[in-house]
Structure formats: structure tokens, C-alpha cells
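Dear colleague,

I am handing over the structure we spoke about, and my notes on it follow below. Please read them alongside the coordinates.

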Amino acid sequence: MYALAYHHHSDKQASHITLEPLEPTGHDLHIAIKAIAVNPVDTKVKASLTEKLATPRVIGWDAAGIVEAVGDKVSLFKQGDKVFYAGDIGRPGCYASHQLVDERIVGHHPKSLDFNDAAALPLTSITAWEALFSRLKIGEEDNGKYILIIGGAGGVGSIAIQLAKAVAGLTVIATASRLESQQWCKNLGADHVIDHHDLLTQYQQSKLPAPDYILCLNNTDQHFADMTNLIAPQGMICSIVGTAKHHDLDLLKSKSAGFVWEFMFTRPMLDTPDLIQQHHLLNKIADLIDSNIIQHTRTTAVNPFFADNIQQAHSQLLTGNTIGKIVLSIPD
Ligand SMILES: NC(=O)c1ccc[n+]([C@@H]2O[C@H](COP(=O)([O-])OP(=O)(O)OC[C@H]3O[C@@H](n4cnc5c(N)ncnc54)[C@H](OP(=O)(O)O)[C@@H]3O)[C@@H](O)[C@H]2O)c1
């Protein structure tokens, strides 16, 4: 059992470390990892390692694999089950051959996908699902309403467009700034695509009605003022990207509009009583994939899972212009 881990943000590459034997207890599954996906949170956590660690940090929160053993309280899975999951940011991540993960945040693997394509889904699906249905509280009665998704072609946007269109029945306006990212958003079901550079003007020129919902998946600092201008009266804005500047919530007061955060690690990190909702929503995602209602979002495979390939995947993420998801497969 091994992992690729970092001692410090300045590490050019991850170090190969041997893992102690992992014994699952309680609700934990012991999982043999077959594929992982990279996310911006990986590079952010790596960048936060400003003190040189004696025990290196294993990062990575998107994986697919096979259950090898289960803890004494496990009831949702058994040995041999195929699974996909994001995990808990407070525990060692998935840049590893094996990992312990709480069953309540793990889903049954989509039957129609291989490990690579399944690994692309969990973190972004949890984020998009919770943003749309738990934070914005979109329900059946909202069918046909308008949602603006800022950052439509990225990892989260690629699944959010599909859930907003195919599950919630909304009219989807996505933002993308290049021909290939615009086409990607349309292929995933976006009804309209506009450029996120000078968002306010672009939206006004489109002559579309004011959006009832805005889901901000990129650079909240850049888009906050435009979002407050664009949102419909009594509308709701959800962002998943933290800010470096202070913003004026009073700009939403005359419209009685709301602003809410989504952070997909809240449930595992704070051990909320509804933790198991992440298990249920991942199973729903698998069903939607297997019923061909939504599609996986992997666009790139950088194989195999070696330190220099992880570095290459991180470099691609840091450009800020990736489309869909990047995955790596883990050799047996
Ligand atoms: N809170 C949470 O739980 C949570 C969960 C997941 C991710 N996140 C955060 O959410 C952000 C997005 O994650 P991701 O995985 O979707 O990222 P990503 O895949 O790296 O996003 C890339 C996309 O962002 C678009 N983009 C670049 N700059 C933009 C801008 N200024 N405004 C709007 N769109 C822009 C690009 O589209 P064009 O090339 O077409 O311009 C590109 O296709 C990251 O900051 C990540 O850390 C938070």
C-alpha cells in the first residue's frame, strides 16, 4: 500500500510513501483505489502547506475503487462492491493505492462506467447537487425558471448544467469564454451560452429575463456586483468560491434576494446529522448516469498515477481553463 504525498508547497513533485496497514473500524470502508480525479482544492491544499511537515500530507478528493474490507458498523456496502466517492478533507486523501472512507459519504459505482469515468464525478456532483437542491432549494415547482451558471465548462459547471437542465427542468444560461468551452456547455444541455468577461453587459445584450437563480462557480470577487445587478427580484445566488474582498450584501436588500454558500466538505468535516445524504445523492447520480439522463464529464486521462503525471495534471488545472475533468488511473 502506498501514497503520493507532499511535505511542503514547494515540493516539485509528490513523494512516494509506504502506508501502514489500514484497518477499517465503525462506518469505515477500506477501499482499493482504481482511479482518481484532480480538483482545484488539491492545488489549494498543497499551496497551504507552508510549514514543512514531518508526516507528509496525502491530498486528493475524487476516487473510484473496490471495497476490500468493512468496519463493524458498516451496513451499506460489502467486500467486493465497486464504489465512487469524494471523501473528507479532514482525513488523508485519495492520491494512494488504498484509503479509509466513511460509508455514509460513498456511493455505489455507476454500472455503465469504467473506474476512470466514474472517478471524474463524485466531488463535482456532490457540489452541484447540494448547491441546486439543498442550498438554492430548487424543486419541481421551479420547472422552467432561469438559472445563470457562471463557469459552465469547468468540473462543477459540467455536471451542474446537466442537473439543472435534465433533473430540475430549468432554463440554463451558462458562461464560457472560448469556442470549445461554449460548445461543451451547449452539448451538455445549456440553452444559452454567454461570455463571463463583462458579464453584466453580455447578459443584458442577450435580452434574456433576469435569472431566478445564479450559481457562481468561479471568481466570486469578480462577479459579485454583476450578480447583484442581474438577479431577479426574490431570486437566490449560491457561490462555491470564497472571496478575498468584502462585498455589500445590502445590494440584494431591495430585491429581497438571497446569497448562500455551498461547501461540499461541510457535512463530513462538521459531522452533520444528515451526512448520509451524500451517500444517497451519489447513488442518484449513478442512476442518472446508468439511465443516460446525464453523462460523465471526463475529458482527459493523464495516465498512469505517477508523481510527474500528477504534476502535469495540476499544471493544467492551474491554467484555469480546463474543460470537464482530468483523471488518472492507479495501476494494480
Ligand atoms: N465550495 C465547494 O464545495 C467547491 C467544490 C468544488 C470546487 N470548488 C471551487 O470552485 C471553483 C471551480 O471548480 P472547478 O473544478 O469547476 O474548476 P475548473 O474545472 O478549473 O474550471 C475551469 C473553467 O473555469 C472557467 N473560468 C475561468 N475563469 C473564469 C472566470 N473568471 N469566470 C467564470 N468562469 C471562468 C473556464 O471557462 P472558459 O475557459 O470558457 O473561460 C474553465 O472552463 C474552484 O475555485 C474550486 O476550488 C468549490
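L199 counts as buried because 21 C-beta neighbours lie inside 10 Å (buried means 20 or more other C-beta atoms within 10 Å of the residue's own, exposed 12 or fewer, and partly exposed in between, with C-beta atoms placed from the backbone). This is a predicted model, in which local features need pLDDT of at least 70 and side-chain atom pairs count only at pLDDT 80 or more, whereas totals for chains, interfaces and linings use all residues. Residues are numbered from 1 along each chain as its sequence is written.

L199 sits in helix α6, residues 199-206 (helices are DSSP runs of H or I with at least four residues, strands runs of E with at least two, numbered from the N terminus). Leaving aside residues up to four places away in sequence, L199 touches T175, H223 and D226, where contact means C-beta atoms, placed from the backbone, within 7 Å. Although L199 and H223 are 24 residues apart in sequence, their C-alpha atoms are 7.5 Å apart in space.

The axes of α6 and helix α7 (residues 220-230) come within 9 Å and cross at roughly 30° (axes are lines fitted to C-alpha atoms, for helices over the stretch in contact, and angles run from 0 to 180 degrees between N-to-C directions). The two helices, α6 and α7, are therefore roughly parallel to each other, a term for angles under 35 degrees, with over 145 roughly antiparallel, 65 to 115 roughly perpendicular and the rest oblique. On the α6 side the contact is made by L199, L200 and Y203, and on the α7 side by H223, D226, N229 and L230.

Best regards

Notes. Two residues are in contact if their C-beta atoms, placed from the backbone, lie within 7 Å.
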